[in-house]
Amino acid sequence: MQEIEEMWQKVLLKMQNLVSAITFDLWISKLEPLELKNGETLILGAYSTSAKKQILKNNSKQLADCIREVFGDYVSFQILDKEEKEEYLAKNNASEKTEEEVEQIERPQFNEKYTFNNFVVGKSNQFCYAAAHAVAENPGSKFNPLFIYSGVGLGKTHLMHAIGNYLTEYNPNLKIKCVTCEQFMNEYIESLGVTEGGKDKAIFEFREKYRNVDVLMIDDIQFIANKNATKEEFFHTFNDLYQNNKQIIITSDRSPSEIDVEDRLKTRFSCGLIQDMQIPDFETRMAILKKKAQLEKFYLDDDVLNFIAEKPFTNIREMEGMLSKVFFFATLMGKKSASMEDAREAFKEDMFEKQERITPENIIKKVCEYFGITENEITGKKKNKEIVEPRMIAIYLIDDVLDIPLVSIGKIFGGRDHTTIMHSRDKIGDQIKKDNKLSAIVNDLKTKIKG
């Protein structure tokens with residue numbers, strides 16, 4: 001069965017190059033090889049009837065070709081839906097696995113897309129990247145523990161999986177355990193809940209599972225706060241691994257000093273290397289979008305990439321979500337590239353519909369009336385305070401209300417560079433959080449514009 005699994009992975013790699021990323025992620029990647037029946041028919045299990053129908057309708061020929069390339073010209077395939085799969089497994093006793101197969105299944109499954117090669121390095125994350133790479137090359141001997149923290153969606157999980165993928169490729173004999181803090185806690189609680197007769201055995205097995213490893217990866221360690229019994233267990237697990245030069249990698253959404261744990265545990269977290277990841281700057285966001293498009297084998301016009309990258313995102317996932325929306329729309333239209341027009345269509349329900357009744361010209365007019373200045377002054381080159389502040393407010397409002405590309409806003413304001421426009425927008429955005437008077441002015445203008 002292991003040989004079939006390995007061959008199936010080769011089929012998936014071929015299919016990934018033939019179908020869209022959405023099709024691959026939703027349907028193809030979730031197929032499960034069950035058996036090579038009589039050496040002639042590859043039996044595949046789908047997770048639902050709709051998944052089976054979708055693949056047979058749209059991807060049958062591509063799948064058949066890839067299977068023949070890998071398994072041989074004489075091999076065909078059959079897809080079973082969830083109920084058919086269960087019936088098939090019961091009938092053929094296929095659910096019984098050898099100890100070797102169980103061990104194979106329980107190995108950490110790292111996302112193959114999360115590699116060091118696919119990680120875009122910028123000012124916001126370059127030190128985290130360097131530290132993670134160093135740990136992957138020499139686990140247990142450098143930066144132990146490695147503690148990475150950042151807000152949600154900035155790349156912590158990517159780096160953790162990149163380390164895992166690197167170790168799996170170059171040190172396949174290492175025992176690696178990768179879990180969330182919640183999983184560690186739940187397994188420990190489960191071992192404590194075993195009936196009296198087998199309780200000692202359950203706790204022993206739990207400790208063996210987590211202490212008999214070469215690399216332990218714990219995600220979201222901040223959830224250990226206020227879990228006294230789990231903190232105690234983790235403390236001893238940490239000590240055991242650390243004293244035996246086993247690599248420990250920890251991620252969190254906050255620094256060790258901000259986690260509500262005892263000083264002795266904070267000290268353990270801090271005895272290696274602590275690195276934080278910041279929100280990526282515009283250039284890094286552009287690079288991330290280009291890399292993502294390249295991996296998806298999709299082409300986007302530069303103005304589309306600029307439009308998405310210039311948004312003030314708090315995490316990368318939001319940005320990639322916008323990109324995926326453009327991909328999805330273009331894919332539905334049968335395209336392998338997307339223009340700004342396609343992006344407008346993709347976002348019109350939640351962004352561009354605002355433009356039907358509100359235009360940049362309307363906003364500029366309202367701002368000029370409010371401050372008693374002319375439209376030529378606000379879009380011109382004057383730099384006195386009486387003009388500059390209304391100009392920045394107008395830029396902020398156009399971006400906030402209409403959400404159009406900064407390049408387009410720059411053209412409206414005398415051909416200014418999009419970075420200048422971004423600076424004006426961000427400056428007003430920061431000031432209204434601190435200046436109540438300015439905040440009131442901006443809100444008043446919004447009411448006039450939308451009313």
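Hi everyone, let's start with Tyr370, which, leaving aside its neighbours within four places in sequence, is in contact with Ile441, Asp444, Leu445 and Lys448; contact here means heavy atoms within 4.5 Å. Before going on: this is a predicted model, where local features need pLDDT of at least 70 and side-chain atom pairs count only at pLDDT 80 or more, while totals for chains, interfaces and linings use all residues. Residues are numbered from 1 along each chain as its sequence is written, and side-chain values use heavy atoms, with hydrogens and water left out.

Back to Tyr370, which sits in helix α17, residues 360-371. Helices are DSSP runs of H or I with at least four residues, numbered from the N terminus. Pro390 is 20 residues from Tyr370 in sequence, and their C-alpha atoms are 9.0 Å apart.

Now the cores. A nonpolar core is a set of buried Ala, Val, Leu, Ile, Met, Phe, Trp, Tyr and Cys residues joined through side-chain atoms within 4.5 Å. The largest one has 57 residues, and Leu300, Ile308, Ile363 and Leu397 touch the most other members. Helix α19 (residues 385-402) gives this core its largest share, 10 residues. There is also a second, separate core of 25 residues, with Phe24, Leu44, Ala46 and Val70 among them.

On to the rings. How many aromatic pairs does the structure hold? The count is 14, where rings of Phe, Tyr and Trp (its six-membered ring) pair if their centres lie within 6.5 Å; planes under 30 degrees apart count as stacked, over 60 as edge-to-face and the rest as tilted. Tyr166 and Tyr170 make a tilted pair, 4.6 Å centre to centre with 40 degrees between the planes. These two tyrosines are separated by about one helical turn, because they are 4 residues apart in helix α8, residues 156-170.

Phe206 and Tyr210 are tilted too, at 4.9 Å and 45 degrees. Both lie in helix α10 (residues 196-211), 4 residues apart, and both are buried. They belong to a cluster linked by ring pairs, whose members include Phe147, Phe184, Tyr188 and Phe269.

Lastly, charges over rings, meaning NZ of Lys or CZ of Arg within 6 Å of the ring centre and within 35 degrees of the ring normal. Lys177 lies over the face of Tyr210, 5.6 Å from the ring centre, and the charged end of Arg264 sits over Phe235, 4.0 Å from its ring centre. Thanks, everyone!

Methods:
Buried means under 20% relative accessible area, exposed over 50%, partly exposed in between (1.4 Å probe, protein chains only).
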